[in-house]
Amino acid sequence: MDVMTDVLIIGSGVAALQTARLLEGHFQIQIVTKCSIKMSSSYRAQGGIAAVTGQEDHPKFHIADTLTAGENHHERRNVEVLIESGTEIMRDLLNEGFPIDRQVDGSPALGLEGAHSHHRILHAGGDRTGQVMIDYLLNQLTPNIVVNCYEMAYELLLNLDGDCVGVLTKGAEGTKRYLAHHVILATGGAGAIYSCTSNFATNTGDGIALAYRAGAAISDMEFMQFHPSLLWSGGQAKGLVSEAVRGAGGKFVDAQRHPIMEGIHEQLDLAPRHVTAHALFNKRAAGQVTFIDISNIERFEEKFPTIAQLCYDNQVNLQDGLIPVAPGSHFLMGGVVADDKGRTSIPNLYAIGEVACTGVHGANRLASNSLLEGITFGQRTAQYIIQTGCKQNNFLIDDKHRQQTMPSLFTKDQLRQMMMHTLGIVRNPIDMEQFVQQLPSMQTLLHVDLDGLNQQELELYMMHIVATLMAHAAITRKETRGAHIRIDRPHNDHQWGNRWIIFQQGQMKVRNSLYEYHQTRGNAKTIF
């Protein structure tokens with residue numbers, strides 16, 4: 001079955017919906033999403049949106065905090081775009097009526113989160129900011145936008161000129177072929193390839209795998225952020241306990257209520273996430289249990305209704321004032337290399353949100369910059385597509401004749417356990433080398449014939465692509481930086497400063513910039 005449209009958006013989080021709402025007055029839009037339209041990391045985001053709205057705050061402070069948290073592994077210009085443009089976009093949204101939590105006098109109730117120097121976190125619905133944002137964006141969409149749920153995109157389509165012109169999906173109606181002038185990846189991250197995660201089980205890095213198979217540049221795959229506070233109950237992670245809880249006065253403690261972060265970092269419980277996650281990892285590795293002490297937070301259930309309900313559902317008694325927590329995979333800083341307009345190394349293919357790597361998050365994302373990223377780059381991509389228009393006239397598909405049969409793969413549970421052990425918070429080079437030897441090669445995975453595979457088989461295959469890219473990148477970066485912590489090299493190495501590990505066409509290389517810059521007609525052009 002063929003579907004022709006102007007713009008195809010794969011994914012349904014905040015980046016996807018922000019782009020769709022701005023494009024729909026100009027083009028025909030089709031959205032394809034793997035699950036329901038509300039089953040995204042954006043929808044369950046508790047923390048908030050980082051944006052400069054207070055009089056004492058300034059974008060330069062927000063930029064500095066972002067660079068510090070990410071240990072200066074950034075594309076600086078894109079960080080400035082994120083913070084400066086994002087601030088303007090959020091002010092416009094507030095003027096439109098986006099319903100944030102406010103003080104009695106009507107001013108925004110600004111929260112504080114880890115590694116932020118100022119109170120600047122905008123919240124909605126207490127700890128339901130993502131849900132409120134998604135509902136707000138969905139309410140602005142008209143029936144002209146066609147949403148196709150429970151369809152898994154598994155192959156990007158390129159024309160004979162190498163432009164992206166569509167995608168193949170698999171769902172209840174079988175295989176469908178979408179053709180479009182513009183294809184936007186907004187598929188989210190890959191936290192669910194770990195056994196302990198804040199992500200939905202469906203967040204398996206599909207968009208990254210799609211782009212890799214199509215030949216797009218991929219970067220920063222070694223940098224998976226581990227959130228220090230996932231609710232831990234019955235030997236499993238049950239969901240996220242937002243950093244906003246610590247911003248409101250919660251503290252990491254052991255079973256005797258001794259503070260964990262004292263003497264580790266000057267910002268204590270609001271230190272950057274790799275610092276707090278590492279501290280809790282070390283405690284748990286020593287056989288201790290870890291908690292957030294909420295006894296000093298007044299009206300906890302009123303301020304954090306989602307977290308309170310999560311605790312009740314998992315038999316955690318809030319009257320004790322302790323929430324059991326453990327670190328787990330949360331946000332992938334790496335992904336498909338894209339510029340500030342979402343453009344990737346493949347013409348007419350865009351990447352926005354967590355699936356993209358624009359260099360704004362560095363080696364460790366600053367808390368609550370993720371929703372800001374989706375809103376900001378979603379708008380900039382929409383503006384670029386509106387200016388560009390629909391000019392594609394070549395829909396002759398390049399048949400790559402992939403012949404490689406599926407190699408031997410781990411089961412999902414095996415892979416997730418291996419990822420947690422080998423590419424978790426703390427990494428041992430011997431373990432990583434052994435893991436790589438057990439994984440299929442990058443070239444083998446690139447050329448697998450996907451015809452005849454069902455959704456479960458496709459998802460497992462894509463998980464292995466992402467795991468393989470992450471493992472090779474983690475071995476190659478021989479230093480500790482941000483979320484990337486190696487036991488054999490526990491410190492930053494200046495030789496790895498501003499070095500980017502890029503995968504493309506089955507090859508890996510290390511270069512001195514996220515992008516390749518060449519002089520063309522006297523002007524600096526970004527050419528991937």
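Trainee: How many salt bridges does the structure hold?

Mentor: The idea first: side chains of opposite charge can pair when their charged atoms come close. The rule here wants a side-chain nitrogen of Lys or Arg within 4 Å of a carboxyl oxygen of Asp or Glu. By that rule the structure holds 24 salt bridges. Keep in mind that this is a predicted model, where local features need pLDDT of at least 70, side-chain atom pairs count only at pLDDT 80 or more, and totals for chains, interfaces and linings use all residues. Residues are numbered from 1 along each chain as its sequence is written, and side-chain values use heavy atoms, with hydrogens and water left out.

Trainee: Which residue meets Arg-257 in a salt bridge?

Mentor: That's Asp-293, with N to O at 3.2 Å. The pair links distant parts of the chain, 36 residues apart: Arg-257 is in the loop between strand 12 (251-253) and helix 7 (273-285), while Asp-293 is in strand 13 (residues 291-293). Helices (H or I, at least four residues) and strands (E, at least two) are DSSP runs, numbered from the N terminus.

Trainee: Into which domains is the chain divided?

Mentor: Domain bounds come from an automatic or database domain assignment. Here you get domain 1 (1-48 + 127-222 + 333-518) and domain 2 (224-329), with C-alpha centres 29 Å apart.

Trainee: How much area do domain 1 and domain 2 bury between them?

Mentor: Buried area is the accessible area (1.4 Å probe) that two parts lose on being put together, summed over both. For this pair that's about 2100 Å², 59% of it on carbon and sulfur atoms. Gln-46, Asp-127 and Ile-425 supply 30% of the area that domain 1 buries against domain 2, more than any other three residues.

Trainee: How many residues of each domain are in contact?

Mentor: Taking contact as heavy atoms within 4.5 Å, 26 residues of domain 1 touch 24 residues of domain 2. The salt-bridge count between the two domains is zero.

Trainee: Where is Asn-72 found?

Mentor: In the loop between helix 2 (59-69) and helix 3 (76-96). Look at its backbone: phi of Asn-72 is near 60°, a positive value in a residue other than glycine. Asp-220 also has phi near 60°, and its place is in the loop between strand 9 (218-219) and strand 10 (224-233).
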